[in-house]
Amino acid sequence: MDIAQETLGLLAEETLDPADWATVQALSHQVIDDAVDYLSDVRDRPVWREMPADVREAFAAPLPRSPAPLADVYSEVSRTVMSYPMGNIHPRFWAWYMGSSNFTGALGDFLAAIQGSNLGGGNHAAGLMDNQVVNWCKEMLGFPASASGTLVSGGSMANIIGLTVARNAKAGIDVREHGVAAIDKPLRFYGSDQLHSCHRKAMEALGLGNRALRRIPTDAGLRIDITALRAAIAEDRAAGCKPACVIGNAGTVNTGAIDDLKALAKLAHEEDLWFHVDGCIGALIAIAPDNAHRVAGIEWADSVALDPHKWLHAPFEVGCALVRDAVAHRRTFAVTPEYLESTPRGLASGDWLHDYGLQTSRGFRALKVWMALKEHGVDKFGRLIDQNIAQAAYLAGLVEAEPSLELATPPTINIVCFRYQPGLAGEALKALNTEIMLRLQECGIAVLSDTTVHGQHWLRVAIANHRTRREDLDLLVVETLRLGREIAGAASS
Ligand SMILES: *Cc1c(COP(=O)(O)O)cnc(C)c1O
């Protein structure tokens, strides 16, 4: 306590800043060194491993009441959190669908937290950068500069943003004021039976209900059947409903199927529907020279959800919603309470970015995306997408060359569904492949997930990973065959 305060008899005021910055600085250097080692050695570690009991128990510790040195806090984090990751930064992680992060993006997240700006709005540099990254997303997809957009937590939120604007634009009444109960004809949304589950959640949260989302059958390639879609729309109109929105898939989560986006755009125009594209997986294929043609038509959408934390490998979280009609977008979310009025000059003279979504306070997500794009240039991200798609074709070739492996369907993009097939069927085949998947995880060799396609169970490899090499896929095939023989052999003996 300083002398003047003591003599005045005042209490020392506290802060979270360290008493000794030099110690914190030295520890921070250590953290960075460890982080660089952590990423440069990732290939040599198991993809995933089960946590021992003492590590699990660490997460049941009660609320700390007394202080601990930061060095001790960090050492506990190293031992527990850092040592037992999900594994998605590893070159042989191919489960579900996510990116594999990058060091520059992590620095961006760190600096964003240090600079600390709130992206709810205001006249400051982070706000301009947030807007710039949205503009870059438009440019990557061929969206007009007049469109609007917002960075959100991920694809699920980005889809909710798009579908909320769609609902309000097509409701025929002021939904914000009167609610969905006042809509005269029940709204109907459409998408294929391969839609991601977040659309169901969106329909529920929007008060329209799951049944207002009609799942349209798909063709052999798991793309929406346009004739069936037209029939469903006609049927709903005849039944007194109001067809409002069609959701196209630019890359389905099961197999990476891409709906005919041009045909959907045309149909939406003819039927006066909002055209939303779930591009969480595939919108960014628009920047990949060899494959961009697969998502042609995406630039005609009324709204698109895309996911920089997938194929741009931004550290979690960052998704992006784009809306062609900026006025409709703002009209859906803008409110100006008395405590957030803008001023002619100064900090409150900037755009209120919370007018484009549900959040008020918002993190500075743009920086991690911006720094990685600046460092590498967008073309490299495009080439990495092409590389993953070529790797999926390579894996499909390996699968086809092995008599005891079976391919579900030739991959369109970067998702390969296959299974070990020693002449079994039904539940026995599923149990065998599930066991292969679990042992691949438990041995730390590779992480895959599984799914059902055309009513059959398959192992699923989604290669959205800038660290994957073809040799990793060779290893996957070798190990799948080895485990398959081992498990099937043990079962039959
Ligand atoms: C990942 C994904 C989502 C959800 O995105 P999150 O970023 O996980 O919220 C939605 N749709 C598709 C097709 C996806 O692959």
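## Basis

Local features in this predicted model need pLDDT of at least 70 and side-chain atom pairs count only at pLDDT 80 or more, while totals for chains, interfaces and linings use all residues. Residues are numbered from 1 along each chain as its sequence is written, and side-chain values use heavy atoms, with hydrogens and water left out.

## Surface patch

Phe59, Leu70, Val73, Val77, Val81 and Met82 make a nonpolar surface patch of about 500 Å² (residues with over 30% relative accessible area and no salt bridge, nonpolar side chains being joined within 5 Å; areas by the Shrake-Rupley method with a 1.4 Å probe; a salt bridge puts a side-chain nitrogen of Lys or Arg within 4 Å of a carboxyl oxygen of Asp or Glu). Val77 is found in helix H4, residues 70–82 (a DSSP run of H or I, at least four residues), and Val77 counts as partly exposed because its relative accessibility is 33% (between the limits of under 20% for buried and over 50% for exposed).

## Cavities

The count comes to two cavities of 30 Å³ or more (sets of points on a 1 Å grid where a 1.4 Å probe fits but cannot get out, with lining residues having an atom within 4 Å of a point). The largest cavity, with a volume of about 60 Å³, has a lining that includes Trp94, Trp96, Tyr97 and Asn465, and its lining residues divide into eight nonpolar, four polar and no charged.

The second largest cavity has a volume of about 40 Å³ and is lined by residues including Asn102, Lys368 and Phe381, divided overall into six nonpolar, one polar and one charged. Helix H14, residues 366–376, gives the largest share of this lining, four residues.

Key: Patches are made of residues with over 30% relative accessible area and no salt bridge: like charges are joined within 9 Å, nonpolar side chains (Val, Leu, Ile, Met, Phe, Trp, Tyr) within 5 Å. Helices (H or I, at least four residues) and strands (E, at least two) are DSSP runs, numbered from the N terminus. Buried means under 20% relative accessible area, exposed over 50%, partly exposed in between (1.4 Å probe, protein chains only). On a 1 Å grid over the protein atoms alone, a cavity is a set of points where a 1.4 Å probe fits but cannot get out, and a pocket is an open set with protein on both sides within 12 Å along at least five of seven lines; lining residues have an atom within 4 Å of a point. Grid points are joined across faces, edges and corners, and a volume is the space filled by probe spheres set on the points. Ala, Val, Leu, Ile, Met, Phe, Trp, Tyr, Cys and Pro count as nonpolar, Asp, Glu, Lys and Arg as charged, and the others, Gly among them, as polar.
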